[in-house]
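Got a minute for a quick tour before you set anything up? Have a look at the chain below, then read on.

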Amino acid sequence: MDKRIPIQVSARHIHLSQNDLEVLFGRGYQLKKLRSLVEPEEFAAKETLDIQVSLRKISNVRIIGPVRKNTQVELSHTDGIFLRIELPVRESEDLKKTPGAVLIGPEGRIKIKEGVINAWRHIHCSPKEAKELNFKNGMLASVKTKGICSITFHNVKVQVNKNCRLCMHLDTDEGNAACMVKKGEGYLVDIV
Ligand SMILES: [Zn+2]
């Protein structure tokens, strides 16, 4: 049975609410699409922002569209160390009691009180793929990467969605630890 899992490495990025988008880019502003992503209907936008915490700043962080209910910043732990914040590992949109930051756009800046997280490593798949792999939505899997820097990632959360195709998402720290640039592959070794 083929238990191969394609892997993509996600760089730091930002999801914005429409209200925050308009503060940062101007009234009535709409994001412009740069490229499509694995998540249904999501896209990398042409627009970027700077993120600042105290005197430390990370520039040109990509925005992911479309707009969402709440603004959310997804960083790696290395970014968190650089910004001197304690970055919690969270599922998307679980933002209670997370650190804030200042977002700086071409037309304005905004201070978010919370919303900065390290995204919980996860696997996207369709219901058909989930059935083939014995996956259930929300369960945790273990995936071993290939190559000389082979590493096993545990607690990988399964996200079943009818518009998704099989793909595991890691952040850049996780990808770097596995000597993986942008993409790679692994295979399923365990289901908890
Ligand atoms: Zn993802």
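Here's a short briefing on this chain, starting with the overall layout and ending with a few individual residues.

Keep in mind that this is a predicted model.

**Overall picture**

- Along its principal axes, the C-alpha trace spans about 55 × 35 × 30 Å.
- Of the 192 residues, 33% count as buried.
- If you look at contacts with a separation of 6 or more, 66% of them are between residues 24 or more positions apart.

- At the boundary, 9 residues of domain 1 are in contact with 10 residues of domain 2.
- On the domain 1 side, the elements giving two or more residues to that touching face are α2 (77-83) and β10 (116-119).
- Sorted by class, this side of domain 1 has 3 nonpolar, 4 polar and 2 charged residues.

**The nonpolar cores**

- The largest nonpolar core has 21 residues, and the ones with the most contacts inside it are Ile14 and Leu49.
- At least two residues of this core come from each of β2, α1, β4, β5, β8 and β10.
- Strand β5 gives the largest share, with 4 residues.
- Leaving aside residues up to four places away in sequence, Ile14 touches Leu49, Val61, Ile63, Ile64 and Val73.
- Another core lies apart from this one; it has 16 residues, among them Ile123, Ala141, Val143 and Val156.

**Helix α1 and its buried side**

- Which residues of α1 (residues 18-25) are buried? They are Asp20, Leu21 and Leu24.
- These three cover an arc of only 105° around the axis, which puts them on the same side of α1.
- The buried residues of α1 pack against β2 (13-17), β4 (43-53), β5, β8 and β9 (109-112).
- Just after α1 comes glycine 26, with a positive phi of about 115°.

- Glycine 65 and proline 66 are joined by a cis peptide bond, with omega at about -5°.
- As for where that lands, proline 66 is in strand β5 (residues 56-68).
- Glutamate 93 isn't a glycine, yet it has a positive phi of about 75°. You'll find Glu93 in the loop between β7 (89-90) and β8 (101-104).
- Is Glu93 buried or exposed? It counts as exposed, because 12 other C-beta atoms lie within 10 Å of its own and the cut-off for exposed is 12 or fewer.
- Lysine 182 also has a positive phi without being a glycine, at about 65°. Lys182 lies in the loop between α4 (172-177) and β15 (183-191).
- Lys182 is exposed too, with 11 other C-beta atoms within 10 Å.

- Glutamate 91 lies in the loop between β7 and β8. Glu91 is partly exposed, with 13 other C-beta atoms within 10 Å.
- Which residues does Glu91 touch, not counting residues up to four places away in sequence? The answer is Trp120 and Lys157.
- Glu91 and Lys157 are 66 residues apart along the chain, while their C-alpha atoms are separated by 8.9 Å.
- Glutamate 129 lies in helix α3 (residues 127-133). Glu129 is partly exposed, with 17 other C-beta atoms within 10 Å.
- The C-alpha atoms of Glu129 and Ile85 are separated by 37 Å, and the two residues are 44 positions apart along the chain.

Key: Residues numbered from 1 in each chain as written. Predicted model: local features only at pLDDT ≥ 70, side-chain atom pairs only at ≥ 80, totals over all residues. Contact = placed C-beta atoms within 7 Å. Nonpolar A, V, L, I, M, F, W, Y, C, P; charged D, E, K, R; others polar. Buried ≥ 20, exposed ≤ 12 C-beta atoms within 10 Å, placed from the backbone. Arc of directions from axis to C-beta. Core = buried A, V, L, I, M, F, W, Y, C linked by C-beta atoms within 7 Å.
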